[in-house]
Amino acid sequence: MRLPDLTPADMDTEQLSLRERIVGGPRGSGPQHFALTDEHGALTGPFGVMVHEPAIGAPLQELGSALRYAGTLPERTREIAILAVAHATDNAFERHAHERVGRAAGLADDELAALADGTFAPADSGEQAAYALCRRLLEDRARLDDDDYADLSRTLGTTALTELVVLVGYYRTLAQLMDVHDVGVPRDGT
């Protein structure tokens with residue numbers, strides 16, 4: 001990582017406040033499928049970058065929290081979308097974290113492998129439409145003709161369609177943050 005890991009002792013008031021919102025919010029409650037902090041209390045993954053710039057990191061983490069915990073997408077569909085971004089951007093941290101979350105959401109190992117190699121073909125029409133939209137967005141083909149929009153709106157609904165577009169953009173942003181700052185999987189692999 002190109003930025004130093006900030007432990008709570010290294011943080012100013014704004015950074016500590018952001019750290020508390022991350023670990024004390026919905027990400028830190030409930031089952032932990034991946035570590036939010038390392039053994040010294042430094043945040044892992046994109047959160048370790050966000051805490052360096054609280055004015056940007058706070059709204060960014062709030063958007064992510066809204067997408068993960070307040071959105072309407074079914075949990076499996078959300079994880080399929082996140083993993084589609086993780087694989088398209090070759091982001092090790094998001095793959096590491098969300099394969100674990102995906103398993104907890106019901107994705108089987110063969111489905112995770114298919115997401116990794118781009119051959120994912122779910123039987124569920126909603127998951128199929130969501131995955132196809134994500135792939136299209138990741139190929140920078142966001143402009144939809146009226147027929148494609150009508151099909152996606154009918155299958156997913158406009159709320160899910162909007163959530164998926166924002167989710168892909170958000171996780172692409174995280175991938176870019178981690179690429180620029182050379183953030184990988186936590187050393188202990190949890």
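Predicted model: local features only at pLDDT ≥ 70, side-chain atom pairs only at ≥ 80, totals over all residues.

Colleague: How many cavities of 30 Å³ or more does the count come to?

Modeller: On a 1 Å grid over the protein atoms alone, a cavity is a set of points where a 1.4 Å probe fits but cannot get out, whereas a pocket is an open set with protein on both sides within 12 Å along at least five of seven lines; lining residues have an atom within 4 Å of a point. Grid points are joined across faces, edges and corners, and a volume is the space filled by probe spheres set on the points. By this rule, the number of cavities of 30 Å³ or more is two.

Colleague: What is the volume of the largest cavity, and which helices each supply at least two residues of its lining?

Modeller: The lining of the largest cavity includes Arg-27, Phe-34, Arg-68, Phe-93, Tyr-170 and Leu-174, and it divides into seven nonpolar, one polar and three charged residues. Here Ala, Val, Leu, Ile, Met, Phe, Trp, Tyr, Cys and Pro count as nonpolar, Asp, Glu, Lys and Arg as charged, and the others, Gly among them, as polar. The volume of this cavity is about 70 Å³, and the helices (DSSP runs of H or I, at least four residues, numbered from the N terminus) that each supply at least two lining residues are α2 (45-50), α5 and α9.

Colleague: Which residues are the closest to the centre of the second largest pocket?

Modeller: About 220 Å³ of space lies in the second largest pocket. Of the 14 residues that line this pocket, the closest to its centre are Ser-29, Pro-31, His-33, Arg-68 and Tyr-69.

Colleague: How do the residues of the lining of that second largest pocket divide into nonpolar, polar and charged?

Modeller: Two helices, α3 (54-70) and α4 (75-88), each supply at least two residues of the lining of this pocket. By class, its lining residues divide into six nonpolar, four polar and four charged.

Colleague: Which side chain of opposite charge is nearest to Arg-19?

Modeller: Arg-19 lies in helix α1 (residues 13-24), and, apart from residues up to four places away in sequence, Arg-19 touches Pro-8, Met-11, Gly-24, Thr-37, Gly-41, Leu-43 and Val-51 (contact means heavy atoms within 4.5 Å). Arg-19 is buried (under 20% relative accessible area, where exposed is over 50% and partly exposed in between, with a 1.4 Å probe and protein chains only) yet has no salt bridge. A salt bridge requires a side-chain nitrogen of Lys or Arg within 4 Å of a carboxyl oxygen of Asp or Glu. Lys and Arg count as positive and Asp and Glu as negative, with His and the chain ends not counted, and the nearest side chain of opposite charge, at 5.1 Å, is Glu-20.

Colleague: Are the two partners Glu-79 and Arg-78 buried or exposed?

Modeller: The side chains of Glu-79 and Arg-78 meet in a salt bridge at 3.2 Å, N to O. Glu-79 has 0% relative accessibility and therefore counts as buried, and Arg-78, at 8%, likewise counts as buried.

Colleague: What is the phi of Asp-90?

Modeller: Asp-90 has its place in the loop between α4 and α5 (92-104). Although Asp-90 is not a glycine, its phi is positive, at about 55 degrees.

Colleague: Where is Asp-182 found?

Modeller: Phi of Asp-182 is near 55 degrees, a positive value in a residue other than glycine. At 44% relative accessibility Asp-182 counts as partly exposed, and its place is the segment after α9 (158-180).

Notes. Residues numbered from 1 in each chain as written. Heavy atoms only, no water.
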